[in-house]
Structure formats: structure tokens, C-alpha cells
Amino acid sequence: MELQVAFLAIFHGRKLAFLNATFLVLGEAAAITALLFECFFADETLVDVFDATLINEGCSDLVATSRVVDPSAGDPVKQLGKPVTPAIYSPFSLRQIIEFIVFLPLNFIPVAGTPLFLIMTGLRAGPLHHYRYLHLLGLTKKERDIYLNRRKLRYTWFGFTALILQLVPVLSMLFLLTTATGSALWASKLEEERKSAKDLSDPAPAPTYQDDPT
């Protein structure tokens with residue numbers, strides 16, 4: 001911490017250097033925490049949290065496209081069966097790691113540097129939290145890109161918020177789980193919108209003509 005403060009003080013002055021160094025150290029800790037979570041708890045835990053939340057919100061049919069779902073089990077977690085297709089919550093992204101390292105020098109910019117770093121990182125991280133949802137929808141890569149570009153601002157804000165929560169010491173692992181829950185709740189809302197739009201676009205069947213015997 002002292003090394004970061006001393007280095008940033010060259011660019012920011014003592015007071016701002018301490019604040020930005022705090023975010024820098026917490027960002028490094030968040031990256032390490034995420035890596036440890038992947039190693040010890042595995043991505044499958046986040047998949048189960050995401051899928052169970054979808055089931056709880058009435059999206060069992062969506063989850064059933066990728067894994068066995070037992071409605072008779074009652075509890076959403078107990079309804080989860082074995083996946084029948086690859087189950088990944090957020091894929092490993094070498095590009096995201098490289099961008100994280102590339103964007104780190106933004107913290108050298110006084111005042112605006114740290115918020116800009118968080119926003120740029122959130123821009124990449126946000127869509128990854130809905131990788132599972134888009135997989136369940138069966139979208140192609142081109143369709144995913146179009147879908148995400150139409151909601152870029154919302155995904156950037158989600159990624160920004162998720163990153164801020166992961167900067168909280170001690171609770172960062174817990175917030176990884178709550179972020180998966182939040183992304184599933186958002187996905188369930190998007191499913192409601194998608195189904196409503198589909199119902200409106202499908203024309204009602206024309207009534208069949210019948211002779212009136214009277």
C-alpha cells in the first residue's frame with residue numbers, strides 16, 4: 001500500500017494518491033479473490049445460484065433447455081439436475097485480464113482516473129454476467145453481439161456496480177454470489193419483456209366461420 005501511495009503521489013499529490021491507491025489495492029485484491037473463487041468454489045456454484053434464481057422467478061422452462069429440472073422437488077435448488085449442455089456462468093477471458101492490466105495506468109490520472117478505470121472495466125465485465133442467460137437463449141455470437149450492443153449502457157452500469165461490490169474487503173466473495181443472483185433476477189425481467197413482446201407480435205388466430213342454423 002505504501003509503495004502504491006508513494007508512486008501515485010508523483011502524479012496526484014499526497015491526499016489524492018492515498019485515495020486512488022486504496023482503489024488500486026482493492027482492485028488487485030478483487031482480481032485475486034475472483035481467481036481464488038474460481039479455484040476453490042468453481043464456476044459451477046455461480047451457475048447453480050443463477051439457475052436456481054431463474055427457477056424461483058418462474059423461468060424453469062428456460063433453465064430446462066440446458067439441464068434437467070425436477071419440478072416435484074419443490075425447493076428451486078433441489079430442482080436442479082445434471083446439465084445436459086456445457087454450464088458456464090462466466091467464461092475465462094484472457095482479453096478481460098489484459099484490458100484490466102492495460103487500464104490500470106488510468107489510476108495515475110488525478111481525480112477522474114479511478115472512476116474512469118472502474119467504468120472501462122465494467123464495460124467489459126457487465127456482459128459476462130449474462131453469458132449464461134444468452135447461452136440458455138441459444139443465441140449465436142452475432143445475435144449476442146447485437147443483443148448486448150442494444151443494452152450497452154445497462155450492462156456497463158451492472159458491471160461497474162458488481163466491480164464496486166467486489167472491492168469491499170472480506171465480503172467480496174459473498175458479493176460474487178449476490179451478483180450472480182442479481183444477474184439472474186435481471187434476466188428474469190428480460191424474459192418477461194421478451195415473452196410479452198413475442199405475444200404482441202404474434203397475430204391472434206382468425207375466428208373460424210360457422211353457419212348459424214337459426
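My entries below go from the overall layout to single residues.

**Ground rules.** I'm working with a predicted model, where local features need pLDDT of at least 70, side-chain atom pairs count only at pLDDT 80 or more, and totals for chains, interfaces and linings use all residues. Residues are numbered from 1 along each chain as its sequence is written, and side-chain values use heavy atoms, with hydrogens and water left out.

**Layout.** I found 11 helices and two strands. These are DSSP runs numbered from the N terminus: helices are H or I with at least four residues, strands are E with at least two. From the N terminus on, the order reads α-α-α-α-β-α-β-α-α-α-α-α-α. Of the 214 residues, 36% count as buried (under 20% relative accessible area; exposed is over 50%, partly exposed in between, with a 1.4 Å probe and protein chains only).

**Cores.** Which residues have the most contacts inside the largest nonpolar core? I noted Phe50, Leu54, Tyr133 and Tyr147, in a core of 25 residues. A nonpolar core here is a set of buried Ala, Val, Leu, Ile, Met, Phe, Trp, Tyr and Cys residues joined through side-chain atoms within 4.5 Å. At least two residues each come from H3, H4, H8, H9, H10 and H11, and H3 gives the most, with six. Another core, of eight residues, lies apart from it and includes Leu106 and Leu118.

**Tyr133.** I skipped neighbours within four places in sequence and found Tyr133 in contact with Phe50, Leu62, Tyr147, Ala187, Leu190, Glu191 and Arg194 (contact means heavy atoms within 4.5 Å).

**Asp51.** This residue lies in helix H3, residues 43-56. Is Asp51 buried or exposed? It is buried, with a relative accessible area of 0%. Leaving out neighbours within four places again, Asp51 is in contact with Val63, Arg67, Leu80, Arg132 and Leu136.

**Ser183.** I found Ser183 in helix H11, residues 172-201, and Ser183 is buried too, at 0% relative accessible area. Its side chain makes a polar contact of 3.1 Å with the side chain of Tyr89. A polar contact is a pair of N or O atoms within 3.5 Å; within protein, one must be able to donate a hydrogen and the other to accept it, and residues adjacent in sequence count only if both atoms are side-chain atoms. The Ser183 side chain also reaches the backbone oxygen of Ala180 at 2.8 Å.

**H10.** I checked the span of H10, residues 152-166: at 1.5 Å a residue its 15 residues should span 21 Å, and the end C-alpha atoms are 21 Å apart, which agrees. The expected span is 1.5 Å times one less than the number of residues.
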